[in-house]
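This report describes the architecture of a single chain and its ligand surroundings. The sequence and structure are shown below.

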Amino acid sequence: MTDSLLQFEADDALGRTFRVDTSSVWAAAIDHERLTRVGVGSLIAFQGSSSSEFLVGVLDRVTRDLQDEALVEEVTVDGDVPVETRQHDLLRVVLLGTYRTVDGTKRDTFKRGADSYPLVESLCWVILGANLQQLMGLLSKQLDPEKRLQLGTFVADPSAIAVADGDRLFQRHAALLGSTGSGKSWAVALMLERAKALAHPNLIVFDMHGEYTPLTAGPEPIARSFRIAGPGDAGAENDNALYLPWWLLNQAEMQALLLDRSEDNAPNQAARLTHHVRELKHERLLADGQNAVADRFTVDSPVPYPLQDLLDRLNDDDCAMVPGKTVPKQGPFFGKLTRFINRMRGRTEDRRYGFMFDPPNDAQDYEWLHGLAKRLLGTSPGIKVIDFSEVPSDILPIVVGVLARVLYEIHFWTEEEKRTPVTLVCDEAHLYLPSGVPDAAELRALESFERIAKEGRKYGVSLVVVSQRPSDVSRTVLSQCNNFIVLRLTNDQDQAVVKRLMPDSMDGLTAALPLLDVGEALILGDAIILPTRIRLDVPRIKPTSATKNFWTEWNEQEVKEEDLVAAVEAMRMQSRS
Ligand SMILES: Nc1ncnc2c1ncn2[C@@H]1O[C@H](COP(=O)(O)OP(=O)(O)O)[C@@H](O)[C@H]1O
Ligand SMILES: [Mg+2]
């Protein structure tokens, strides 16, 4: 076929097909030397059922063995059959798509899936050079220019650009997985940078180590920076400090935070908490003249109420005497709430919880939540980075969980046609979305995120789950992800998790995971038509690296004593600023 985009010469063939099963094709290498230059993950073309068709797949396995073969045709005069050791190279290719020169009325089409199979004995070739560029050009042409998200270049041919379907990538949740130092944070920065070029991007990054701060600084920041208020901020007004006042918590979250389930009186404590919170919210709504809301709100509705009043009312229950036959006797809750009240006092006085129990006064205003919604879900600026680095790890799940739930619910209640989709980028997801048996606080966070993972798509909320330990991330959340950007992954357990998440046919591709170079990724899922090895572009503004160069820094950086003093003081104040 001269008018085909793909041009192969019989002399350049890599192998000859000898076995075909449902999703893969085995070929025997013709040219052993050529095979050594072809890596797992390379694209391979087979002649299809007609000359206008090529089946395209990815090399997922190469086996090599030496076999002694009897050279029956070369029997000696004595009747001896000489034996020669021969090298057998076999390659397995997973078929992914079909290229056709003509398809009905259309010319040059590429579609996912293989309708036919290569004939046994047919030749196959590595797709390289001009062929690769033609194919990639065709793939990106098939993608609506508006949807194109350029992520990098193909490892097999750096001049061919790899584009993903930006709609699909974010639509049904994505996971970005790779060992430490494999390039996840740079990949996040790259996606944010690409999104920044759109008119109204809407992404919120949950930044666990303050790595993305550089993206929020400089003359052309990509994102706006926020920070969960730390003990140093207590009660202060600060544009960047985020507070999550106690009244945002729903009952399940309140209980996870304050209740000791193992205590006999836990059911009484929970019941009184719910009772008083409902009453306090109701009183507040009436006092504010919010009668329509007062008629409909539930105990979980985010309505401000005074914390001190809640404590006082619980205390009244705990001490209340009721009239007896002759003398007053102890009320039904007498002494049953003491431990709960003490726990609650302990929490509310803990400065680490200042962002929740000691917010500035305006956090008591009915309108305060409107402000939070505007700051975090608005699109000017549309990319927001929230720094959680000063939040103590034991309370991280509850903080992240509450914030995600509140954002999701606000979006849920936005009128459908007025909703601009929003993506939550969950960095270091294993820290707050753990697999295994969760504690009460982790359970709440998991429920918030699992709800987003399961229903978010309908309401335009999606997740990008980022983790270095996929095996430690909730399986429910990961299994809802439809696209995977997988960087180098060295740990067996983590590789096994990724393998299980992939369709069977992709199994072999994941064999390449430990071999990937820094910044190289496999992109798997419906956002990319042909999954192959991609070298991700370098972002313009780089995140600060969480990885220290020990050897280099021992040569360069001297420790100053005043810095140590400052560190001790920061530790005392629980704040770096
Ligand atoms: N796309 C890339 N191209 C080249 N080098 C990269 C790329 N991504 C990351 N790196 C290198 O790897 C280092 C670690 O990347 P980083 O994104 O911080 O890893 P992770 O977040 O997975 O721990 C970076 O400091 C950089 O030197
Ligand atoms: Mg990182």
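How many bridges join strand 1 (residues 15–20) to strand 7 (residues 123–126), and do these strands run parallel or antiparallel? Strand 1 and strand 7 run antiparallel and are joined by 2 bridges.

## Basis of the description

The model is predicted: local features need pLDDT of at least 70, side-chain atom pairs count only at pLDDT 80 or more, and totals for chains, interfaces and linings use all residues. Residues are numbered from 1 along each chain as its sequence is written, while chains are lettered from A and ligands numbered from 1 in the order in which they are written.

Helices (H or I, at least four residues) and strands (E, at least two) are DSSP runs, numbered from the N terminus. Strands count as paired if DSSP finds at least two bridges between them.

## Domains

The domain assignment, with bounds taken from an automatic or database source, gives domain 1 (10–70 + 81–142), domain 2 (161–244 + 359–551) and domain 3 (252–339). The centres of domain 2 and domain 3, taken over C-alpha atoms, are separated by 36 Å. Their contact (C-beta atoms, placed from the backbone, within 7 Å) takes 11 residues from domain 2 and 9 residues from domain 3.

On the side of domain 2 that touches domain 3, helix 12 and helix 13 (440–455) each supply at least two residues. Helix 13 gives the most to that side, with 4 residues. The residues of this side of domain 2 divide into 8 nonpolar, 1 polar and 2 charged. In this classification, Ala, Val, Leu, Ile, Met, Phe, Trp, Tyr, Cys and Pro count as nonpolar, Asp, Glu, Lys and Arg as charged, and the others, Gly among them, as polar.

## Strands

A hairpin of 3 residues connects strand 1 to strand 2.

An open sheet of mixed pairing is formed by 12 strands in the order 9-8-21-20-19-10-18-17-11-16-12-13. Strand 9 (161–165) and strand 13 (241–242) are its edge strands, each pairing on one side only. Within the order, strand 11 (residues 203–207) and strand 17 (residues 422–426) run parallel and are joined by 4 bridges, with phenylalanine 206 opposite cysteine 426.

## Helix packing

The axes of helix 11 (residues 368–377) and helix 12 (residues 396–412) come within 11 Å and cross at roughly 90 degrees. These axes are lines fitted to C-alpha atoms over the stretch in contact, with angles from 0 to 180 degrees between N-to-C directions. The two helices are therefore roughly perpendicular to each other, a term covering 65 to 115 degrees; under 35 counts as roughly parallel, over 145 as roughly antiparallel and the rest as oblique.

Helix 11 contributes Ala373, Leu376 and Leu377 to the contact, and helix 12 contributes Leu407, Ile410 and His411. These residues divide into 5 nonpolar, 1 polar and no charged.

## Ligand shell

Ligand 1 is surrounded by 14 residues, the closest being Gly183, Lys184, Ser185, Trp186 and Gly519; a residue belongs to the shell if its C-beta atom, placed from the backbone, lies within 6 Å. Helix 4 (residues 184–196) gives the most to this shell, with 3 residues. The shell divides into 4 nonpolar, 9 polar and 1 charged.

## Backbone details

The peptide bond from serine 380 to proline 381 is cis, with omega near 0 degrees. Proline 381 lies in the loop between helix 11 and strand 16 (383–387). Aspartate 108, in strand 6 (residues 106–112), has a positive phi of about 50 degrees although it is not a glycine.

Definitions and conventions: Contact = placed C-beta atoms within 7 Å.
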